[in-house]
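Reader: Hi! Could you walk me through this structure, piece by piece?

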Amino acid sequence: MASTTNVVKVGSRKSQLALVQTNTIINKLKELNPEYEFVVVTMTTTGDNILDSALSKIGAKDLFTRELELALEAGEVDFVVHSLKDLPTRIADTLVIGCVYKRDSEFDAVVMHPKHKGKKLEDLPENSVIGTSSLRRAAQLSRKFPTFKFENIRGNLNTRFKKLDEDEKYDAIILAEAGLVRMGWDDRIAQVLTSDECMYAVSQGAMAVECRAGDRKTLTLLSDIHHQDTAIACIAERAFLRRLEGGCSVPVCVSTKLSKTKLTLTGGVFSIDGKQCVLDTHSKDLPEEPANKKMATNGHLFAAIVPGNIDPALCHIAEEVGTELANLLLATEAANILAEAKEQTARAVMEEKARKEREMVEKTKQGEVTAECLFFKDGQNKAFSQHQMD
């Protein structure tokens with residue numbers, strides 16, 4: 001049995017996919033550090049409780065991470081595992097992303113209703129209903145399929161599959177390919193969307209491990225699974241998103257190419273209805289000879305990611321690529337598109353808040369107030385004034 005000093009408590013959401021991802025990290029760490037024992041501590045996040053509202057209408061920027069981070073700050077767990085796309089580009093000063101695990105597929109995938117087995121999106125009839133909780137996906141795909149109707153669909157993967165197969169509402173749903181493969185459901189994938197068809201979300205397909213900033217033991221443990229190419233790509237993408245102040249509240253998308261000598265980032269900003277878009281690409285050469293990986297960084301983080309065992313010079317370049325690309329877009333019509341999208345989302349958030357408050361009044365009368373209703377009533381409501389989610 002491991003001594004108490006070698007016991008690591010790991011925080012995770014309770015969903016099946018979250019636990020699969022958490023155990024992927026744990027199994028790799030066990031392989032490299034057999035003397036350690038890992039104990040999983042599960043918890044439910046706000047985002048897990050609110051299932052009948054589109055993500056963009058809720059307004060909080062830490063829906064799937066807040067409770068995990070509070071447990072981390074309180075010392076109840078040593079690290080937590082996230083889908084990196086769920087993690088805000090700005091996190092508490094006391095916390096850091098200790099490592100970014102090797103990225104799986106960054107692309108989106110189409111899952112068809114059984115009646116459309118063997119078809120692709122282009123084979124579906126006009127007015128088909130496509131389920132997605134992502135403004136990014138809906139905005140891009142509505143340009144290619146203007147007759148399709150894009151409807152919100154929430155819940156974990158199991159829930160979304162059940163809604164697709166049993167409700168007869170959706171002709172297809174769009175999900176991240178990585179999640180489907182991790183769950184062993186890749187046999188349901190009807191089509192993988194290329195970047196030409198639908199550019200992906202910032203950091204999609206990558207898992208991140210968050211820990212306390214001063215926890216040298218955990219940071220050292222995580223450094224062995226910090227994947228350089230994934231971290232470099234995600235630093236560029238997160239720097240891009242951070243500068244735009246975008247996220248789930250606006251349709252922002254990326255596509256990254258990384259070779260030994262060059263980092264290229266393509267970014268896009270779309271209006272919510274998909275009718276307007278601005279795309280641009282920015283690249284920088286990478287040094288042929290890596291600098292000393294032990295060089296001092298003065299504690300500098302790159303989009304909240306620690307350099308760890310990665311050459312800090314590469315991290316700096318990646319951060320510059322993302323920030324500079326965002327600045328290029330902000331000097332164009334993209335700035336107005338972003339501003340309008342944020343205004344539209346802010347209005348939608350307030351309308352959703354009012355709807356929830358009416359619902360809470362009715363449920364209070366019936367003695368059925370839920371945690372979901374309380375979220376829209378208590379102090380977390382201040383998130384509505386921020387109305388940006390990463």
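Author: Happy to! Seven bridges join strand E1 (residues 7–13) to strand E2 (residues 37–43), and the two run parallel. Strands pair if DSSP finds at least two bridges between them. Helices (H or I, at least four residues) and strands (E, at least two) are DSSP runs, numbered from the N terminus.

Reader: Before we go on, what kind of model is this?

Author: This is a predicted model: local features need pLDDT of at least 70, side-chain atom pairs count only at pLDDT 80 or more, and totals for chains, interfaces and linings use all residues. Residues are numbered from 1 along each chain as its sequence is written, and side-chain values use heavy atoms, with hydrogens and water left out.

Reader: Thanks! Back to E2: which residue there stands opposite Val 7?

Author: Glu 37. With helix H1 (residues 16–32), E1 and E2 make a right-handed β-α-β unit. Right-handed means that, with the strands pointing away from the viewer, the path from the first strand over the helix to the second runs clockwise.

Reader: In what order do E11, E12 and E13 sit in their sheet?

Author: The order is E11-E12-E13, in an open sheet with antiparallel pairing. E11 (252–258) and E13 (277–285) each have a single partner strand, so one side of each is left without a neighbour in the sheet.

Reader: How many bridges join E11 to E12?

Author: Seven, with E12 covering residues 262–270.

Reader: Is H8 mostly enclosed or open?

Author: Largely enclosed by the rest of the structure, because 13 of its 17 residues are buried. Buried means under 20% relative accessible area, exposed over 50%, and partly exposed in between (1.4 Å probe, protein chains only).

Reader: And what follows H8?

Author: Glu 245, whose phi is positive, near 55 degrees.

Reader: New topic: where does Glu 319 sit?

Author: In helix H9 (residues 312–330). Glu 319 counts as buried, at 12% relative accessibility.

Reader: What does Glu 319 touch?

Author: Not counting residues up to four places away in sequence, Glu 319 touches Ile 235, Ala 239, Arg 242, His 300, Leu 301, Phe 302 and Ala 303. Ala 239 is 80 residues from Glu 319 along the chain, yet their C-alpha atoms are separated by 5.6 Å.

Key:
Contact means heavy atoms within 4.5 Å.
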